[in-house]
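Thanks for coming, everyone. Let me put the structure up, and then I'll walk you through it.

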Amino acid sequence: MPERVIVLVEDNENDAELTLRAFRKSKFVNRVVVLRDGVEALDYFFTRGTHADRSPEEIAQVVLLDLKLPKIDGLDVLRALRADERTRLIPVVVLTSSAEDQDMARSYALGANSYVRKPVDFNHFVEAVRQLGLYWLVINQTAPV
Amino acid sequence: MDDDGRLLVQRLRDGLRLVSTVAQAFAETTSDYRRLLDTIAQHIAQAIPDACIVMLRSDDTLTLVAIHDISPDGDARVGDLVNRTIPLREAGLSSSVLARGPLFMPRIDFDALQRSLTPAAIDQLKAGGATGLLVVPLATRGELIGVLWVVRRGTQRPPLDEIDLEIVQDLANHAALAVSNSRLFTQLERSEQLRTLEDRAVQASSLLDAIVENIPDMVFVKDADKLAFVRLNRAGEQLIGVSRAELIGKTDFDLFPTSEAEFFVAKDRETLASGALVEITEEPIHTTGGMRWLHTKKVPLFDHAGKPQYLLGISHDVTDRKQVIGELSAAKLAAEAANRELESFSYSVAHDLRTPLRAIDGFSQALSEDYGDRLDAEGLRYLTRVREGAQRMAELIDDLLTLSRVTRSELRRDRVDLTALAHTLLGALQRLEPDRQVEIVIAPGIVADADLQLAAIALDNLIGNAWKFTSKRSNARIEVGVTAASGVPAYFVRDNGAGFDMAYRDKLFGVFQRLHPESDYPGTGIGLATVARIAHRHRGRTWADGKLGEGATFYFTLTEPHA
């Protein structure tokens, strides 16, 4: 039985914890896998390195991807995901502090499904996460893997 | 009186008539002495038959200028002799003859004549049936200028006599004087003309010299053959640092480094070969004052046959301009680098400063949610203050980012419908606060040639302000319109809100300048600075009118004012 998880790629502990809290407050039951940098993210998706022995039953229902990441940045992670047969259909939501036009344009050009700017106001943040979860975990039908 | 006496009187009368007739011709003569000589010859031939010939001397030749022959077959003899020129020694007279005075032979003795005339001349006289001969020199100031001949043919008439000789000699003397005077007059006239021409040429040439000398660019001329300098003006001497005395006659190879000289000469040859102007916009030249850069134009100067004879060059020193351009482009590069730095800085601000703010806000919220029961009302209020502070800082960061983006983004002009934009912006505000009653007046058809994004930011700020500053007014009114200022459209947003004191109007458009306490009207103090920058980027400007407590009108233009 495959497990549908939410993957959060986020290097900032505060942001990660607040995001987890927002998910909790929105009462989603899916487990959230937190990955701390670009390398770990790619290890996870391609089941290698530190994530070589993760369960193949774990399927990412949606990936929340920060852009500014240590080692390999978010855009490169996105490029690698879209370039591989196994991961190219995974829904990726870019979740970032940046509102730069060029970040947005490049994200979409590389195949991001959504681009969401993290609000500073926590209430707004919770609302954003709730709507994201609602859409990607409940409403949207993911492509069959 | 006997017959001889009467005849003598008649002769003298005839002579007097001749002299008086000829004298009239003298009087009428100015410079056309050939006509005079012709008249004299004609009258002499009639008065002292049969033929009269006048020859004029020019160096070693004699030219027959007048001939009249009244004998029955005279016309045939005269023929086309006029204007015939023969060498003096072949004229039939040995030169010594005339030096001794007139040759007078009332009855020709051909044997005796052989001492004075050439055989050819004697043959000619014989053939013409000459019986008497008188040859008189035309001389003035001891110089022989011609000869006058009188020939008597046949024996029907009495032979030539002393009276004839005297009359002819007298006329010849006068004629010689007239010719000489006329020649002198002509000569004088010509030399006068020459002098005038010369004066004019000198004047023209000195004007040209002055022009060339004072042209503030280097002017040089080289001969087309060797490309040696033949001329250099003062500006040229100053530029190269070489006097013309040192330069004239030399070539580029004598004056400049070989590679430079080769370049100059190649361009010279190109100019001469093409026959047209050659322009060198930038060429380096070594002068005694160091390296300079010249903008040079070269043209060929042609001779009468259309062959290039000289090369004319004009050089303008562009060293300073080139240096300024270089400095400008360096400054531009530096500015661009600074801009890129600013861009990456802005990016960091956007990302890095917001992240901790999220933590402050988020964990304050978490604290009040999870531990709210352990805090009293004051404690919870403090937490609210913490969150407000964080959110306000986030707004500041966002507004600063907008301001910086307004400055560095590329300006793309397009047709922007400001009326539609105003409707959209005010509509959104009304939806956020549906309870507010605001009279909205938007002029129809306001369009601007502007950057859509920037114009929208400007209008958003002004309309947002109007909305905000009328929040405490029950009969709020917001008007968006266009008027004219300095010949260009000035767009405006007018409200009847809090207004401002005109004493502070200069502070309105500065960053972080506020005229109202934040507790009354929240805001970052960056909005109007952003509007001002947007106007400036469009070469426009901003200004405002207002009265404290009565309202304000903010104007902006999006184009250069008409001069």
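Start with chain B. Take its contacts with a separation of 6 or more: 59% of them join residues 24 or more positions apart. Chain B has 563 residues, and 29% of them count as buried. Its secondary structure comes to 16 helices and 18 strands.

Keep in mind that this is a predicted model. Its scores are ipTM 0.81 and pTM 0.49. For chain B the mean pLDDT is 87, with 96% of the residues at 70 or more. Where in chain B is confidence lowest, and where highest? The lowest is helix α4(B), residues 95–99, with a mean of 64. The highest is strand β7(B), residues 218–223, at 96.

Now the first helix on the tour, α1(B). It runs over residues 3–28, so 26 residues. At 1.5 Å a residue, α1(B) should span 38 Å. The end C-alpha atoms are 38 Å apart, so expectation and model agree. How many of the 26 residues of α1(B) are buried? Two, so to speak of cover: α1(B) is hardly covered.

Next, a sheet in chain B. Six strands make an open sheet, and the order is β3-β2-β1-β6-β5-β4. The pairing is antiparallel. The edges are β3(B), residues 85–87, and β4(B), residues 103–105. Each has a single partner strand, so one side of each has no neighbour in the sheet. From one strand to the next, the twist averages 25°. What packs on this sheet? Helix α2(B) does, touching β1(B), β2(B) and β6(B). The direction of α2(B) makes about 45° with that of β2(B), residues 61–69.

Stay with that sheet and look at one pair. β5(B), residues 130–140, and β6(B), residues 143–153, are antiparallel over ten bridges. Pro137(B) faces Val147(B) of β6(B) across the pair. As a reminder, strands of a sheet pair through backbone hydrogen bonds, either parallel or antiparallel.

There is a cis peptide bond to point out too. The bond runs from Pro49(B) to Asp50(B), and its omega is near 10°. Where is Asp50(B)? In the loop between α2(B), residues 33–47, and β1(B), residues 51–58. For context, most peptide bonds are trans, and most residues other than glycine have a negative phi.

Go back to β7(B), which pairs with β8(B), residues 229–232, antiparallel over three bridges. Lys222(B) has Phe229(B), in β8(B), as its bridge partner. Five residues lie between the strands of this hairpin, and in it Leu227(B) has a positive phi near 60°.

Ser486(B) is another non-glycine residue with positive phi, near 50°. Find Ser486(B) in the loop between β15(B), residues 476–485, and β16(B), residues 488–495. Is Ser486(B) buried or partly exposed? It has 13 C-beta neighbours inside 10 Å, so Ser486(B) counts as partly exposed.

Over to chain A. Thr47(A) also has a positive phi, near 50°, and is not a glycine. Its loop is the one between α2(A), residues 38–45, and β3(A), residues 58–65. Thr47(A) has 14 C-beta neighbours inside 10 Å, so it counts as partly exposed.

Chain A has an open sheet as well. Five strands, parallel pairing, in the order β2-β1-β3-β4-β5. β2(A), residues 32–35, and β5(A), residues 114–117, are the edge strands, and each pairs on one side only. Here the twist averages 30° from one strand to the next. Take β1(A), residues 3–9: it pairs with β2(A) in the parallel sense over four bridges. Ile6(A) stands opposite Val32(A) in β2(A).

Last stop, the interface. 15 residues of chain B contact 16 residues of chain A. Which helices of chain B each supply at least two residues to that side? α12(B), residues 319–371, and α13(B), residues 377–408. α12(B) gives the most, with twelve residues. By type, the chain B side splits into seven nonpolar, five polar and three charged residues.

That's the tour. Questions, please.

Notes. Residues are numbered from 1 along each chain as its sequence is written. Chains are lettered from A and ligands numbered from 1 in the order in which they are written. This is a predicted model: local features need pLDDT of at least 70, side-chain atom pairs count only at pLDDT 80 or more; totals for chains, interfaces and linings use all residues. The expected span of a helix is 1.5 Å times one less than its number of residues. A residue is buried if 20 or more other C-beta atoms lie within 10 Å of its own, exposed if 12 or fewer, and partly exposed in between; C-beta atoms are placed from the backbone. Two residues are in contact if their C-beta atoms, placed from the backbone, lie within 7 Å. Ala, Val, Leu, Ile, Met, Phe, Trp, Tyr, Cys and Pro count as nonpolar, Asp, Glu, Lys and Arg as charged, and the others, Gly among them, as polar. Two strands pair if DSSP finds at least two bridges between them. Axes are lines fitted to C-alpha atoms, for helices over the stretch in contact, and angles run from 0 to 180 degrees between N-to-C directions. pLDDT is the predictor's confidence in each residue, from 0 to 100.
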